[in-house]
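Subject: Structure for you to look at

Dear colleague,

Here is the structure I promised to hand over, and below it I have set out what was found. Please read the notes with the model open beside you.

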Amino acid sequence: MTAALDPVTRRTLATSILIGACALLVLGVHPILLGAMVEEGRIAEAQVGNLVTIEMIAIVVGSLAGIWLLRKQGPRVVIGGAGLILTAMNLFMTEQSGMAIIAACRGVAGLSEGVLVASTLVAISRVTRVERASALFLAVQTLMQAVAAASLPYIALGSSRTGTALLVLALVGGIATLSALSLPRELKPAPSDGERGAITPASLTALIGAGLFVGAIVSVWSYFGLWLLGNSHAPTFEGTAISLCLVAQVVGALTAAQFGERLPNRPTIIACALAAAVSTSLFLTVGDESAAILAVSVVFGFFWLFTLPFFAGWLIEIDPSRRAVLYITAFQLGGAALLPSLAGIAVGRFSVDAAMVFSASVFLVLAALAYLNRSAIPRPQPD
């Protein structure tokens with residue numbers, strides 16, 4: 001049996017959520033940062049996807065490394081050090097160009113971001129209401145990303161748009177570094193269990209399901225702008241649709257935080273996966289109707305962040321020791337890095353509509369996996 005760890009305080013949870021949101025701010029800034037790099041001739045347009053994949057994978061690896069480091073060292077050293085490296089890397093990049101150096105820098109930055117996120121994962125795994133804490137983390141990071149994406153075009157901190165975006169990322173890296181000083185002396189994940197590993201067939205299925213869900217979502221999101229332009233919608237309409245979708249995401253996360261614990265985890269995931277499949281398919285039937293597209297965008301965005309906290313709850317039902325839930329971000333970002341590439345193959349062979357079809361199919365596969373995993377919840381043993 002694993003030894004129980006004391007729950008973290010509200011202050012520690014809030015600090016960890018802030019640190020994780022600072023680390024993942026780059027996901028909202030990516031379109032602006034990478035577009036500016038192409039515009040300024042620092043990288044080629046064809047290299048954008050590769051840079052996203054490199055940073056995503058680095059965040060995955062960094063989150064796993066961060067969990068391991070937090071078992072060995074205090075969080076102030078681990079998280080403070082990662083924050084300093086992230087800040088330094090973004091500052092160093094402000095004058096750099098060329099794929100080799102930029103890819104290396106984003107890789108190191110991604111590793112640091114992953115380590116920062118690990119503190120959030122560990123803190124969330126040690127609270128009583130994990131689903132609520134997960135939903136709050138999603139809401140905070142989405143709000144920060146939306147504010148940053150909306151504000152960056154009007155901010156002039158550097159000599160270029162690229163420099164401005166990197167200086168903002170360096171600033172939030174510094175905030176994460178300073179926030180680490182407020183963390184307790186210890187913030188350890190659940191200890192290893194000698195009887196079995198953290199990943200069992202049942203928990204692996206749930207983790208893969210989380211990766212499939214995020215991967216399918218990002219596949220739609222990656223091609224949404226191109227799909228709108230392909231259906232003769234103006235760029236201003238694209239901004240409206242994306243903004244409404246972002247607002248709906250925050251509403252979905254807050255709704256899950258408020259009411260999520262009253263709903264069963266696995267059945268809710270199945271229902272939401274089916275709803276996501278339907279809403280994704282509806283895009284293909286309302287391509288010419290602006291009002292309908294906005295309505296579907298709102299529904300799609302709501303289920304995006306409403307669903308994610310239930311994966312954490314499902315994993316804790318499968319593994320009450322709360323070790324498997326530490327790996328949820330790694331699988332989610334892994335899905336976000338892999339599935340859009342597969343969707344891109346379908347788009348290249350057919351049309352941009354194939355991204356919607358691909359994602360709807362993935363949602364259906366997830367619903368089937370969750371249904372077939374219904375016997376994975378361990379039954380309480382009699383004393």
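Ala257 touches Arg129, Arg132, Ala135 and Leu136, leaving aside residues up to four places away in sequence. Please bear in mind, here and throughout, that this is a predicted model. Ala257 belongs to helix 9, which covers residues 235–259, and with a relative accessible area of 8% Ala257 is buried, the limit for that word being under 20%. Between Ala257 and Glu131 there are 6.8 Å in space, taken from C-alpha to C-alpha, although the two are 126 residues apart in sequence.

A second residue that I looked at in this way is Ser63, which has its place in helix 3. Ser63 counts as buried, at 1% relative accessibility, and, again not counting residues up to four places away in sequence, Ser63 touches Gly114, Val115, Ala118 and Ala330.

Next come the charged pairs. Side chains of opposite charge can pair when their charged atoms come close, and in this model the count comes to five salt bridges. One of them joins the side chains of Glu55 and Arg106, with 2.8 Å from N to O. Glu55 lies in helix 3 (residues 48–72) and Arg106 in helix 5 (residues 99–125), so this pair ties together parts that are 51 residues apart in sequence. How accessible are the two partners, Glu55 and Arg106? Glu55 counts as buried at 1% relative accessibility, and Arg106 is buried as well, with a relative accessible area of 2%.

Arg106 also forms a salt bridge with Glu113, where the closest N and O atoms are 3.5 Å apart, and both Arg106 and Glu113 are buried. Through salt bridges that share partners, Glu55, Arg106 and Glu113 are joined into one network.

Another salt bridge is the one in which the side chains of Glu40 and Arg42 meet, at 3.2 Å from N to O.

Which residues meet between helix 2 and helix 3? From helix 2 they are Val26, Leu27, His30, Leu34 and Val38, and from helix 3 they are Val48, Leu51, Val52, Glu55 and Met56. By type, the residues of this contact of helix 2 with helix 3 divide into eight nonpolar, one polar and one charged.

Finally, a word on helix 7, which runs over residues 161–180 and has 20 residues. From its first C-alpha to its last, helix 7 reaches 29 Å, which is close to the 28 Å expected at 1.5 Å a residue. Helix 7 is mostly covered, since 14 of its 20 residues are buried.

With best wishes

Methods: Residues are numbered from 1 along each chain as its sequence is written. This is a predicted model: local features need pLDDT of at least 70, side-chain atom pairs count only at pLDDT 80 or more; totals for chains, interfaces and linings use all residues. Side-chain values use heavy atoms; hydrogens and water are left out. A salt bridge is a side-chain nitrogen of Lys or Arg within 4 Å of a carboxyl oxygen of Asp or Glu. Helices (H or I, at least four residues) and strands (E, at least two) are DSSP runs, numbered from the N terminus. Buried means under 20% relative accessible area, exposed over 50%, partly exposed in between (1.4 Å probe, protein chains only). Contact means heavy atoms within 4.5 Å. Ala, Val, Leu, Ile, Met, Phe, Trp, Tyr, Cys and Pro count as nonpolar, Asp, Glu, Lys and Arg as charged, and the others, Gly among them, as polar. The expected span of a helix is 1.5 Å times one less than its number of residues.
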